[in-house]
Amino acid sequence: MKRSGKIALVMMGTSALTLTACEEPKTDAAIFETVEQCVAEQGLTSDQCYGEFDAAKAQHAEVAPKYASRADCEADFGAEGCEVSPYRTNAGGSVFMPLMAGFMMGQMMGGRAYTQPLYRSRDDSKSFRTADNRTVGNKIGRTQVAERAAARPAQKLYTQQRGGFGARARATGFGGGG
Amino acid sequence: MERRAVRPRENWQRVAAEHGFTFHTPDGERYWDESHAYRFTLREIEDGLEDPVEELEQMCFEVVERAVADEEVLCRLAIPEMFWGYIAESWRNRERNLYGRMDFCYDGQGPAKLYEYNADTPTALYESAIFQWVWLEQAMEQGLIPEGSDQFNSLHERLIDAFGRLGVEGPLHLACARDTDEDLGTVEYLEDCARQAGLATQRMFIEDIGLADDGSFTDLDDAPVRWLFKLYPWEWLMEEEFGSRIPRSGTRFIEPGWKAVLSNKGLLALLWEMFEGHPNLLPTYFEDDPGAAALGGRYVRKPLLSREGANIVFVANGRTVMGPDGPYGAEGFVRQAYAPLPTFDGRRPMCGVWLVASEPAGMCVREDEGAVTTDDACFVPHFILD
């Protein structure tokens with residue numbers, strides 16, 4: 001036989017739609033604003049808590065969203081909600097990022113949540129959200145979060161400029177496929 | 001090889017919708033056409049197309065091998081000097097490629113002749129891999145074509161397999177230009193395959209790519225783009241504003257940089273120079289090559305970087321017939337021996353043979369009325385039956 005034995009599409013078409021309508025799977029996690037809250041949680045040792053907090057803190061500057069001005073950052077994270085990041089603009093100016101508002105851990109309690117920093121946005125200040133802007137609720141202590149939200153957050157760089165590709169497609173009105 | 005009238009499936013538009021085939025009738029013009037189909041024998045496929053493609057791909061590798069060792073060749077291909085080192089490195093590092101399509105003049109009788117190789121941004125992939133396959137199964141089921149028919153089409157399985165072997169770490173970004181239904185359909189399909197291979201994917205538009213302070217390219221979330229499938233020609237990427245940033249971006253491109261050597265009509269002149277007389281090649285020369293005189297007064301003039309037949313000109317004894325207008329030609333031309341497409345019931349089919357990870361993987365037949373197969377050609381399904 002010179003053809004594929006079977007064909008399946010997981011994203012395109014209507015058969016794919018029914019698959020994505022399923023409930024999102026959840027995983028065990030714990031969320032804390034401070035290390036002290038973590039140490040007070042039954043079943044967690046001080047060493048574990050400091051270890052997880054440090055791991056989250058170490059990622060903060062890498063994964064937090066980046067802004068060219070404090071005002072832009074505060075528009076998303078509220079007054080006094082931002083700090084200077086280690087990044088620099090082209091012109092040598094400061095790049096801003098939100099303050100770390102807490103941390104999430106999961107593997108200590110047998111869940112799959114990736115240990116990471118959490119943030120609070122201005123428009124939804126009660127909830128924690130990840131650096132990838134996925135909400136994980138407002139409960140301190142043991143909780144359940146969507147697996148997608150508990151994934152390792154992506155690195156966020158400071159984007160200096162966009163639109164440096166695509167000029168030929170615009171000029172010709174043709175996308176370049178053939 | 002024959003062209004057979006086949007009754008269209010009554011519900012094919014609904015089947016298309018169910019399978020996410022949204023561009024079958026662009027701007028009201030028919031593109032998918034199942035009112036007939038091309039029948040091939042297994043020998044016509046295997047001996048006439050599949051084996052030659054395997055051999056041609058090896059010959060193409062020899063051209064790349066030569067190009068990366070000889071700046072003169074890269075210069076003749078009008079590749080910007082800034083990218084010579086980058087292209088050579090992508091080849092030496094054996095960066096894997098995903099797919100390509102070789103287009104042939106073929107009537108089932110004489111040897112197939114290579115018109116050109118779209119090694120960089122071929123479309124018509126989804127309809128070849130999926131909708132043509134579904135047509136075959138349903139057409140057999142409904143008795144529209146004989147039971148026991150087959151199709152040269154293992155694209156879907158091979159694409160998933162190839163995505164799994166690219167070595168992608170972290171998310172794979174897939175990008176094409178905005179406002180291009182056909183290109184977007186191709187990218188959506190490839191994303192589907194990548195997901196099935198277990199990759200995390202992120203789709204974006206080429207216009208949205210950002211440049212970070214450390215020289216990385218970024219997506220709209222400011223995340224670095226480490227692996228990028230781009231349905232956007234290499235020669236455009238290289239000359240656009242961010243082009244100079246590519247070599248130090250840390251982004252791995254699919255198709256890799258060395259595909260720029262193959263997706264260039266100059267390839268056809270280089271192949272002829274290195275393998276003159278090969279039965280699957282048409283005599284082809286760079287326009288400034290005195291050897292081009294050997295073609296006499298009948299030849300086809302093709303811009304080095306043309307796509308979808310744009311700016312192609314037929315010259316016959318002083319008369320010229322133009323292909324569609326387009327933006328190409330400033331980069332130079334090749335002249336290829338005139339080899340008209342065969343005619344079946346007044347229609348002219350071109351056989352496009354797909355390669356996945358450099359192996360022959362399937363076929364599409366596109367039909368046009370004129371001598372140049374353009375964006376307006378119809379996709380006609382095929383089947384194999386001895």
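User: What makes the five strands 4-3-16-17-18 of chain B an open sheet, and which sense does the pairing have?

Analyst: In this predicted model, the five strands follow the order 4-3-16-17-18, and their pairing is antiparallel. Two strands pair if DSSP finds at least two bridges between them; strands are DSSP runs of E with at least two residues, helices runs of H or I with at least four, numbered from the N terminus. Strand 4 and strand 18 of chain B each have a single partner strand, so one side of each lacks a neighbour in the sheet. From one strand to the next, the twist averages 35°.

User: How do you know that strand 3 and strand 16 of chain B pair?

Analyst: Six bridges link strand 3 (residues 99-105) and strand 16 (residues 348-356) of chain B in the antiparallel sense, and the definition asks for at least two. B:M102, for example, has B:V353 of strand 16 as its bridge partner.

User: Why is helix 5 of chain B called oblique to helix 7 of chain B?

Analyst: Helix 5 (residues 125-141) and helix 7 (residues 181-196) of chain B pack at about 55°, with axes 8 Å apart. Axes are lines fitted to C-alpha atoms, for helices over the stretch in contact, and angles run from 0 to 180 degrees between N-to-C directions. Angles under 35 degrees count as roughly parallel, over 145 as roughly antiparallel, 65 to 115 as roughly perpendicular and the rest as oblique. The angle therefore makes helix 5 of chain B oblique to helix 7 of chain B.

User: What makes helix 10 of chain B mostly covered?

Analyst: Seven of the nine residues of helix 10 (residues 266-274) of chain B are buried, among them B:G266 and B:W272. A residue is buried if 20 or more other C-beta atoms, placed from the backbone, lie within 10 Å of its own, exposed if 12 or fewer, and partly exposed in between. The covering elements include helix 2, helix 9 and strand 15 of chain B.

User: How do you know that strand 9 of chain A pairs with strand 7 of chain B?

Analyst: Three bridges join strand 9 of chain A to strand 7 (residues 210-212) of chain B, and the two run antiparallel; at least two bridges are required. A:T159 stands opposite B:A212.

User: What conventions apply to the numbering and the confidence of the model?

Analyst: Residues are numbered from 1 along each chain as its sequence is written, while chains are lettered from A and ligands numbered from 1 in the order in which they are written. The model is predicted: local features need pLDDT of at least 70, side-chain atom pairs count only at pLDDT 80 or more, and totals for chains, interfaces and linings use all residues.

Conventions
Contact = placed C-beta atoms within 7 Å.
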